Amino acid sequence: MKKKQLIVNIIQYIVVALILLFLLFPLYWVLITSFKENMEAYKFPPTFFPQFPTPDAYIKLFTEDQYFFRYYMNNFIVSGACAILTTFMAIISGYALSRFNFKWNKWIIAAFTSAQMFPVVSRMISLYGLMGDMNLINTQLGLVLALTAAMIPFSTMLMASFFDSIPKVLEEAAFIDGAGRFKILFSVIIPLVKPGIVAVGIYSLLMTWDDYLHATTLIQTDSLRTLSAGVSVRYLGELSYDWSLINTISVIGIIPMLLLFFFFQKHLVKGLVQGAVKG
Amino acid sequence: MSKMKKVLSLLLIFALTVSLVGCGGAQKEETKTDSAQTDEAQATNEETSETSDNYEFTEPVTIKFANYAVLEAGYDVFWNNAKKGFEEKYPDITVEFMTAEYGQMLTQVVTWVGGGEKVDLVFGEASWLPTLADAGIILPVTDTFSEDYLSQIYPSMMDAMKVYGIPYGVPMYASPFIMFYNKDLFEQAGLDPNSPPTTVDEMMEMAPKLAALKTADGNQVYPFGMTTASVGVSGSCLTSLVYGFGGSVLNADGQLDIDNAGFTQTFEFLKELDDKGYNPQVSKLKDLRNLFALGQLAMYYDQSWGFNGVRSINPEAANFVASAAPLAGGQGTGESVIQAHTLMMGNNGEAQVEATKLFIEYLLTEDVLVPYLENVAPGYPSMMALSEIQGIKESPVLSGALKSLDTAKSATNIPTINDFNLELTALSQAVTVNDKEVGQSIEEFKKVAEIILSN
Amino acid sequence: MQNKSITFGSHKTKGAPFLKRITKDRLFALSLLIPSIIVTVMFILVPVLDSVIRSFQDYRIKNIIAGTPGQWNEFANYMKLFSNNKLLPSIETTFIFVGGVVLAQFILGMAMALVLNSNLKGARFIRSIMMAPWIVPTIISGLIWMWIYQPQYGLLKYVVEIFSFGKITDFAMLNNPATALFGIAIAALWKQIPLTALLLVSGLANVPDETMEAARVDGANSVNRFFHITIPYMKSIIKVTTSMAIIENFKQFPLIWTMTGGGPNNSTSTLAILSYREAFVSNNLGSGAAVTTVWMLLMVVVVILFNIIFKETKMD
């Protein structure tokens with residue numbers, strides 16, 4: 001029995017090691033490539049540790065390519081605003097969906113469900129025309145609205161499942177005490193779904209951080225671009241690939257989000273799982 | 001039960017929104033016609049007031065310039081300086097760049113204009129002309145530029161600007177697809193670095209010697225690079241190769257014209273290259289530039305300004321690069337396709353058009369263009385008057401291929417050229433990486449291409 | 001999320017205030033819902049329907065520029081798609097891609113989750129670091145894998161060379177029509193496995209230990225326990241993760257477009273790529289919209305089928 005347990009353990013470790021290798025080695029690879037000299041990066045067979053580690057690419061990025069950090073800031077502004085807006089709308093709409101069971105709820109859920117399935121490509125032109133009519137082209141507000149719209153269906157339904165788990169007795173009590181509906185929502189119920197709010201917020205931040213199609217279509221001015229769009233404009237151009245620079249950018253592009261994620265990990269995971277299980 | 005309900009409610013939502021869209025769509029049309037009318041009204045107003053050649057700008061004008069190159073290392077400095085210089089010269093006019101990635105630019109211009117954004121000027125490939133002209137986004141240049149002015153440009157380059165006979169762009173500089181080769185590798189292989197191959201057969205004779213070479217790092221050397229990746233410009237390059245074999249791809253009316261020996265021989269040649277491992281598979285031009293810069297590629301086809309990309313990877317490349325005319329294959333004499341970086345004008349009212357015209361003229365002046373072609377993007381200036389410039393005639397990057405400009409032809413410009421070009425790359429991939437038989441692949445290509453062309 | 005049922009009814013009080021309260025509830029709920037509904041309808045449903053309508057019209061770029069409406073063209077867009085032999089291969093490619101990625105994602109994610117749920121040392125730490133790929137933006141993840149697959153000096157070429165004992169020296173994942181889709185699938189999996197594993201591992205935590213123990217005492221082996229206890233208990237979470245994965249991969253565009261552009265020889269041309277090419281490379285928005293419509297319909301059908309199948313299996 002003990003022997004069998006040992007074998008099981010070993011197999012477990014192997015499985016974990018293999019999957020982790022698959023998940024993490026590419027990141028290691030990007031990291032070390034970013035520290036290689038340009039010519040060493042193109043060496044074959046490749047070196048698994050830089051022969052002459054050099055921070056040149058980083059220095060170049062920090063000193064010459066200032067715009068990279070502008071993309072970064074823009075992405076934070078856009079994703080941050082989206083996250084706040086999405087979360088707020090998800091809270092109120094999710095609450096309504098969860099608490100007030102009317103006939104049209106089903107329609108709304110059907111609409112939300114189908115809305116999250118529609119590909120961006122299919123609505124790009126119409127979306128652009130719409131934004132044009134509202135004078136929102138080439139503005140961060142327009143991008144924020146478009147991205148928020150894309151996030152709302154999922155976020156609202158996630159949020160609704162959190163409200164589902166709050167016993168309605170609380171509201172009844174507050175209502176009998178004479179509290180208004182808004183007051184009940186904001187001072188009684190919302191504090192109880194904090195994990196859900198954090199989860200929805202972080203999730204929409206991470207998802208909008210990844211956007212590429214909206215940003216390339218709706219933004220034309222370089223100083224307003226977000227990261228993915230900016231990276232593709234600058235480094236996937238007509239002339240050539242500068243792989244060591246691309247690797248450096250990848251590293252810099254990943255780290256802050258990674259830190260943010262580790263910081264909020266517990267809430268995000270808890271929230272997503274709770275929402276998903278209930279959903 | 002609830003499943004049924006869900007499906008039903010889905011349908012209802014659709015129905016609801018259909019009716020909404022109905023209203024929304026109608027409204028949009030109305031606003032569109034409105035703005036068209038006001039545009040017309042403006043245009044007629046201005047026509048009557050404007051008579052002299054020197055247009056008077058009554059108020060500051062901003063030119064919206066869609067340009068992918070502004071953001072690319074290698075091009076950025078030039079474009080920003082050009083903007084600065086022009087704005088100093090004409091304080092009333094501001095140039096505002098609209099940027100997108102090279103591969104997305106054409107789509108972006110269409111989306112922008114479609115969404116109501118005004119684009120005054122586009123910098124890009126000549127192959128974008130038919131799409132933009134067909135969509136009504138750009139103006140025939142004969143509308144704005146005098147015949148005198150346009151007659152200073154090489155007629156062959158002006159031909160490349162034509163869509164159904166009307167020129168829609170002003171070429172800034174042009175290049176046929178030429179052959180770059182690495183003199184150092186030729187020397188190492190025991191070949192004469194000053195006599196590159198002129199025919200496909202000569203090249204294939206030299207190839208084994210080059211293929212036997214290794215770089216200092218022990219990496220493989222490819223003798224000959226031809227781009228076949230799934231991007232539009234690869235299709236132009238393949239067309240050029242077909243011309244080199246004396247074949248044709250499209251006739252002057254934009255109809256498929258591939259029942260010729262040259263076309264078949266081209267793809268047989270590609271298959272042979274691939275079978276022998278001479279050509280890096282499914283490469284984009286930028287992959288080839290990369291390999292060439294690293295000394296892993298002995299010869300390859302590119303536009304002359306492609307060297308800018310080579311140099312940005314390895315500045316030393318200037319020491320070993322040389323250019324030659326494209327190879328002659330089969331019954332052909334090594335003709336090539338003219339590629340031009342082109343300026344295309346939008347149609348946003350008199351003031352915009354006049355300002356844009358001034359900017360184009362400014363870009364084509366000797367002071368602006370020649371340093372650019374000498375130091376940044378090697379290419380052949382479109383103005384005949386500028387061709388006598390020493391720096392361009394003696395440039396190691398250009399001199400060897402100078403003659404091929406005379407024999408270069410322009411490709412037929414049809415609105416579906418970009419999709420057609422992608423299909424052409426798919427054909428080259430079929431016979432190489434897919435190992436399909438040439439004749440059969442061409443038959444399959446024919447079917448798909450006919451549908452694209454009839455689109 | 002799809003079949004979220006609302007169990008909470010309106011408040012039941014007695015007498016006259018009852019009606020009043022219902023109406024007030026209604027108004028309140030409506031006012032809370034309206035912002036989300038407006039945004040969703042305006043930015044998502046209307047554009048989508050716009051595109052569906054366009055799929056029945058001869059609608060090109062010039063229609064947009066000139067502001068002229070499209071012409072009804074008697075299903076010509078759809079007929080063209082079937083006659084030029086592009087739609088069916090694209091559907092096939094899409095299904096292979098989605099099916100393969102979703103299945104592999106579930107198996108690998110589940111394997112990871114099972115191990116992480118056991119008393120493995122450092123499970124918490126592993127759970128944290130394994131999430132890293134999920135945070136990487138799609139465009140950057142495409143670049144990372146392109147760099148690994150690079151045909152001349154890529155890491156994978158070297159690895160294959162070593163494991164084939166020097167026999168295969170020119171392995172180029174994305175250049176070979178037989179392997180290109182697989183290459184993209186790996187990149188997609190890389191980014192998606194972490195979240196799947198994370199959600200599944202949390203789902204596993206919901207499986208009651210007592211039930212597990214009881215089954216063990218009854219002599220059920222681990223395979224039986226997995227299929228008869230673990231899976232049923234994790235049903236809802238499996239359903240959610242899987243339908244999320246189906247939707248995400250059905251929609252996958254930027255990754256494929258940057259990595260292969262649909263090539264080589266159309267071997268990675270999914271419905272997403274085909275619709276983009278028809279609409280924006282051929283500049284025929286009508287036939288692009290036709291592809292998109294087929295694409296959306298298939299997706300809706302697949303998701304509904306998936307939900308139905310999942311409900312059936314609940315019975316055993």
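Does Ala178(C) count as buried or exposed, and how many C-beta neighbours lie inside 10 Å? Let's start there, bearing in mind that this is a predicted model. Ala178(C) has 10 C-beta neighbours inside 10 Å, so it counts as exposed, the cut-off for that class being 12 or fewer. You will find Ala178(C) in the loop that links α8 (155-163) to α9 (180-204) of chain C. If you look across from this residue, Pro264(C) sits 9.2 Å away, C-alpha to C-alpha, although 86 residues separate the two in sequence.

Now step back to see how chain C meets chain A. Here 81 residues of chain C are in contact with 86 residues of chain A. On the chain C side, helix α1 (residues 17-54) gives the most, with 20 residues. Sorted by class, that side of chain C has 58 nonpolar residues, along with 18 polar and five charged ones.

Chain C has a mean pLDDT of 84, with 92% of its residues at 70 or more. Among the elements of chain C, helix α4 (residues 87-117) has the highest mean pLDDT, 93, while helix α2 (residues 61-66) has the lowest, 78. Residues 1-16 of chain C are another matter: their pLDDT is below 50, yet in the model this stretch has 30 contacts beyond near neighbours in sequence. Where pLDDT is low, predicted coordinates should not be read in detail.

Key: Residues numbered from 1 in each chain as written. Chains lettered and ligands numbered in written order. Predicted model: local features only at pLDDT ≥ 70, side-chain atom pairs only at ≥ 80, totals over all residues. Contact = placed C-beta atoms within 7 Å. Helix = DSSP H or I, 4+ residues; strand = E, 2+ residues; numbered from the N terminus. Nonpolar A, V, L, I, M, F, W, Y, C, P; charged D, E, K, R; others polar. Buried ≥ 20, exposed ≤ 12 C-beta atoms within 10 Å, placed from the backbone. pLDDT = per-residue confidence, 0-100.
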